[in-house]
Amino acid sequence: MDNAECKIFLIDDDDEICQSISLLLKSAGYKVESFNSTEKFLETKNDNAAGCILLDVFLGGKTGLELQEEIETKFESLPIIFITGQGTIPLSVEAMKKGALNFLQKPIDDKELFKAIEEALNKSEALLTKQREVEKFKSLVNSLTAREYEIFCFVITGMLNKQIAGELGIAEHTVKNHRLNITEKLGAKSVAEMIFIADKLNIKGVI
């Protein structure tokens, strides 16, 4: 992955640490944006690009842990790496349970930092790939008519055309024609592929 394509968001209220970490990361070719509070970071726009967040646990106001869930909700493709000068094992366990990817102690070892960032960026790219896939499937399913969507929800349960026709009170050949349209619109060649799409979008079949 090209470092220049990724952005690292550094959130720490210690200007000296911010500056030293920023210089280190920039020297390695990363784009870095610094914030002295989590609240200011939350005001930024989510560009849905690969990256990660270096977040100090103990900040003025609410702690990084207290705002972890809010950050992950808005920036779901940006894994969090916590950094702290006064961390404890229970604190790191709590952060990891809540979804943090890593927990680094200050002063941060350069090799550990780069290793953690590489891991975070790989995860970020995987999350973005998954998001793009879901968005693509959403767009395809949204192209179905109301009747096609209704039949789609029956098809993914494994029901045959005759059974679906009986449930809806329509002719079997009408169901067959709708299924052909559904197959074409979704680009799905089999029921298994339709089920795969439904699973990705958490669509439950009609039983």
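Modeller: The model is a predicted one.

Biologist: How many helices and strands is that?

Modeller: There are nine helices and five strands.

Biologist: And what share of the chain is buried?

Modeller: Of the 207 residues in the chain, 42% are buried.

Biologist: Let's talk charges. How many salt bridges are there?

Modeller: The count comes to eight salt bridges. One of the pairs is Lys7 with Glu33, where the closest N and O atoms are 3.1 Å apart. That pair links distant parts of the chain, since Lys7 is in strand S1 and Glu33 is in strand S2 (residues 31-35), 26 residues apart.

Biologist: OK, on to Asp12. Where is that one?

Modeller: Asp12 is in the loop between S1 and H1.

Biologist: Buried or exposed?

Modeller: Buried, because the relative accessibility of Asp12 is 0% and the cut-off for buried is under 20%.

Biologist: Which side chain does the Asp12 side chain meet in a salt bridge?

Modeller: The side chain of Lys106, at 2.9 Å from N to O. Lys106 lies in the loop between strand S5 (102-105) and helix H5 (110-142), so its pairing with Asp12 ties together parts that are 94 residues apart in sequence.

Biologist: Which other residue is in that network with Asp12 and Lys106?

Modeller: Asp56, as Asp12, Asp56 and Lys106 are linked in a network of salt bridges. Between Asp56 and Lys106, the closest N and O atoms are 3.5 Å apart. Asp56 lies in strand S3 (residues 51-56) and Lys106 in the loop between S5 and H5, so this pair ties together parts that are 50 residues apart in sequence.

Biologist: How accessible is Asp56, buried or exposed?

Modeller: Asp56 has a relative accessible area of 4%, so it is buried.

Biologist: Which residues gather in the patch of negative charge on the surface?

Modeller: Asp13, Asp14, Asp15 and Glu16.

Biologist: Changing topic: where is Ser37?

Modeller: Ser37 is in the loop between S2 and helix H2 (38-42). Its relative accessible area is 14%, so Ser37 is buried.

Biologist: What does the Ser37 side chain reach?

Modeller: The backbone nitrogen of Lys40, at 3.1 Å.

How values were computed: Residues are numbered from 1 along each chain as its sequence is written. This is a predicted model: local features need pLDDT of at least 70, side-chain atom pairs count only at pLDDT 80 or more; totals for chains, interfaces and linings use all residues. Side-chain values use heavy atoms; hydrogens and water are left out. Patches are made of residues with over 30% relative accessible area and no salt bridge: like charges are joined within 9 Å, nonpolar side chains (Val, Leu, Ile, Met, Phe, Trp, Tyr) within 5 Å. Accessible areas come from the Shrake-Rupley method with a 1.4 Å probe; for residues, only the protein chains shown count as cover. A salt bridge is a side-chain nitrogen of Lys or Arg within 4 Å of a carboxyl oxygen of Asp or Glu. Lys and Arg count as positive and Asp and Glu as negative; His and the chain ends are not counted. The place of a charge is taken as NZ of Lys, CZ of Arg, CG of Asp or CD of Glu. Helices (H or I, at least four residues) and strands (E, at least two) are DSSP runs, numbered from the N terminus. Buried means under 20% relative accessible area, exposed over 50%, partly exposed in between (1.4 Å probe, protein chains only). A polar contact is a pair of N or O atoms within 3.5 Å; within protein, one must be able to donate a hydrogen and the other to accept it, and residues adjacent in sequence count only if both atoms are side-chain atoms.
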